[in-house]
Every structure is written in C-alpha cells, then in structure tokens.
Amino acid sequence: MLKLTKALLCAAAVSMAGLVQAADPIIIKFAHVVADNTPKGQGALMFQKLVGEHPKLKDRVKVEVYPNSALFGDGKEMEALLVGDVQMLAPSLAKFEQYTKKVQIFDLPFLFNDLAAVDRFQQGPQGKALLSSMNDKGIHGLAYWHNGLKQLSANKKVILPKDARGLKFRVQASSVLEEQFKAIRANPRKMSFAEVYQGLQTGTVNGTENTWSNYESQKVYEVQPFFTETNHGLIDYMVITNAKFWNGLPEDVRSELQTIIDQVTVKVNEQAEALNRTARQTIINAKTSEIDPLTPEQRQQWRDAMRPVWDKFSDEIGADLIKAADESNKAS
Ligand code: LMR
C-alpha cells in the first residue's frame, strides 16, 4: 500500500513538473508598419531583446515583432489589438481619432517647436493623462515614442504654400491632417503607410509628409524628386496594449514589462533625432532628390497658412489642452 502511494505521489510529482515545464509562455505579438531601421522599429526590437534577456521574464514571456505591416497594417491593426490577435502596437498619434479626439492635438501643424517641447508636454500631467484616455475603449497607453518632425515631399519643387495648390498629398487617417492640406488648397488623400511608395510612383498622389527615417527606409526618395524641410508637424507614437490583456497579466510580469518599456522609451527618444539625421544624409547621398530648406520668412508663410486648422479642432481637442501644449514650447 505504502509502495503504491509512493508511486502515485511520484507520478503526480512528475506530471506536475511536466505541467510547469510545459506551461506556455505569454505571447506578446508586437506589430507595426515601419521598417526595423527606424525609431519605432528599433524600439520594438529593443523591447523584444530586453524581455528575452530578463531573468524573471525570459521563460514566461515571448515577444514576437512583426514590422512592415507584415501581420497587420493601418486600418486593421487596431481591430486586431481589440480582439486579441496582437497584444502591442505603436501607431502614430495621427491614427487614434476613432478612439479619442484629444490625441488629435499632436497633429496640429506648427504646434511644437522641437522634440524637447514635445517631451515637456508628453511627460507633463496633460500628456500623461492622454495615455489612459482610451481605457474605456479597451486600449491602454504605455508610453510615447518619438519619431520626429515632418517634412514635405512632392514631384515638383514646393517652397511656398501656393506651390502646393492642387497637388494630391497622401495623409495618414487623420481629419486634422486633411484640413491642414485643405488649408493650403491642396488635395489630401488618406492612404495606409504600406501603399505610400506605390501611390507616389503611380501618381495616385503627388506628394506626402513624413519624417526622414520613414522616407529613407521606404525609399521614397526614388519616387519623389523634391523634399521641403518644413518641420511643420510631428510623427510620434503611442505604445499601446489591449487593456484587458494587460490587466490580466500576473502583477510581477506586468510591472517588469512596464519597467522595460520605460527603459526602451528613454533609448528610443534619445536616438530618434540621430536616426532621422542619418536618414536625411542617406537621401542626400542617393542624389535622386533635392532637399530645400526654408528661410524663416518662407516658413512663416506655411505657419500662417496652416494655423487656422487649430481653431477648427479647438472644441474637439479642448482649448486648455492646446494651450498646455503650446506652453511646452517655453523652456522650463
Ligand atoms: C505613416 O503612416 O506615415 C506613419 O504613421 C508610419 C509610422 O508608423 O511611422
């Protein structure tokens, strides 16, 4: 009898150990639409690496990164997050208007003078509050990652707003960005990121706006002979997760993951400007396009032409929020 009990106990122990060993790791699919050699692409890979090396997480969590719209692209990725087909995304801040009108603030043209001002706003109380502004929709914001300031590109030389009249510009899925191009009497056209190169190549659109790193990594310089250094707006990201998934994680796993995200955020935000500078140089070296800087007077014309967009969205976004963001331009 004793022997039998012992044998049973042993068998139970063995199968328990088997269970523990076989316990499936938590899978975090992190999908995004850009290339690996961009601020966001690098951030996603850094996150994967740090989780993979972390003594408490490496056997419990597995991060899979899907760049270049390989798993889900614009238009599908948010739904995929909400139904649990992916667990993390970092969409551009221009892609949230279906879920909150407030995040539209980041698309207002000529709002931030530089990334230092963006940092002051994002890390201040109002910026931080926006991270949880979509929790009721099931989306939880974990961090902001920088890409950088936007430049214009076109199939003709565009120095002043009037040069852009009548041109078709690709925009992200953002009403603010549509209005921004309407303000200069150009024709905005919403298009997903994966379609941009072809759209420009075939002439579906004549120009676009993006950061140097996105232009370079998508080889947009092959199909756009002119870039205008306008620095007129921002492409930044909100790293998001499915709120239910996140809240359902074991407490210790969640807090270690948040710590890693915070570390990655510091690095991404430190590196973004340098990555964009390098990408700009690569475009110059390719010798396919000209990059036109603007004089302060020329840039002022763009500002004057686009600024009325602020008033159009001030009710939706909130005048107080816009004021707080504008004030972040004053160095503290
Ligand atoms: C775009 O669609 O142009 C950007 O949002 C792509 C990105 O994620 O940087």
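This is a predicted model: local features need pLDDT of at least 70, side-chain atom pairs count only at pLDDT 80 or more; totals for chains, interfaces and linings use all residues.

Trainee: OK. Which residues line the largest cavity?

Mentor: The lining of the largest cavity is made up of V33, V34, K40, S92, K95, R170, Q172, F193, N210, N214, I235 and Y237.

Trainee: And how do they divide by class?

Mentor: Five of the lining residues are nonpolar, four are polar and three are charged.

Trainee: How much space lies in there?

Mentor: About 70 Å³ for the largest cavity. The count is three cavities of 30 Å³ or more.

Trainee: What about pockets, what volume does the largest one have?

Mentor: The largest pocket comes to about 350 Å³. It has 17 lining residues, and those closest to its centre are D74, G75, K95, Q98 and A173. K95 also shows up in the lining of the largest cavity.

Trainee: Which element gives the largest share of the pocket lining?

Mentor: Helix 3, residues 77–83, with three residues. By class, the pocket lining has seven charged residues, six nonpolar and four polar.

Trainee: Let me zoom out. How many helices and strands are there in the chain?

Mentor: The chain has 13 helices and eleven strands. Its C-alpha trace spans about 95 × 45 × 30 Å along the principal axes, and 52% of the 332 residues count as buried.

Trainee: I keep looking at helix 10. How far does it reach?

Mentor: Helix 10 covers residues 251–286, so to speak 36 residues, and goes 49 Å from its first C-alpha to its last. That is close to the 52 Å expected at 1.5 Å a residue.

Trainee: Where is the kink in helix 10 centred?

Mentor: On A272, with an angle of about 35 degrees. Then, just after helix 10, K287 has a positive phi of about 55 degrees.

Trainee: Switching to aromatics. How many pairs does a search of the whole structure find?

Mentor: Ten aromatic pairs. One of them is F112 with F121, a tilted pair at 6.0 Å centre to centre, with 40 degrees between the planes. Both F112 and F121 are buried.

Trainee: Why does F169 count as buried?

Mentor: Because its relative accessibility is 0%, and buried means under 20%. F181 counts as buried too, because its relative accessibility is also 0%.

Trainee: Last one, G248: buried or exposed?

Mentor: G248 is exposed, because its relative accessible area is 60% and the cut-off for exposed is over 50%. You'll find G248 in helix 9, residues 243–248.

Trainee: How far apart are G248 and A194 in space?

Mentor: They are 33 Å apart, C-alpha to C-alpha, and 54 residues apart in sequence.

Terms used: Residues are numbered from 1 along each chain as its sequence is written. Side-chain values use heavy atoms; hydrogens and water are left out. On a 1 Å grid over the protein atoms alone, a cavity is a set of points where a 1.4 Å probe fits but cannot get out, and a pocket is an open set with protein on both sides within 12 Å along at least five of seven lines; lining residues have an atom within 4 Å of a point. Grid points are joined across faces, edges and corners, and a volume is the space filled by probe spheres set on the points. Helices (H or I, at least four residues) and strands (E, at least two) are DSSP runs, numbered from the N terminus. Ala, Val, Leu, Ile, Met, Phe, Trp, Tyr, Cys and Pro count as nonpolar, Asp, Glu, Lys and Arg as charged, and the others, Gly among them, as polar. The expected span of a helix is 1.5 Å times one less than its number of residues. The bend at a residue is the angle between axes fitted to the seven residues ending there and the seven starting there. Rings of Phe, Tyr and Trp (its six-membered ring) pair if their centres lie within 6.5 Å; planes under 30 degrees apart count as stacked, over 60 as edge-to-face and the rest as tilted. Buried means under 20% relative accessible area, exposed over 50%, partly exposed in between (1.4 Å probe, protein chains only).
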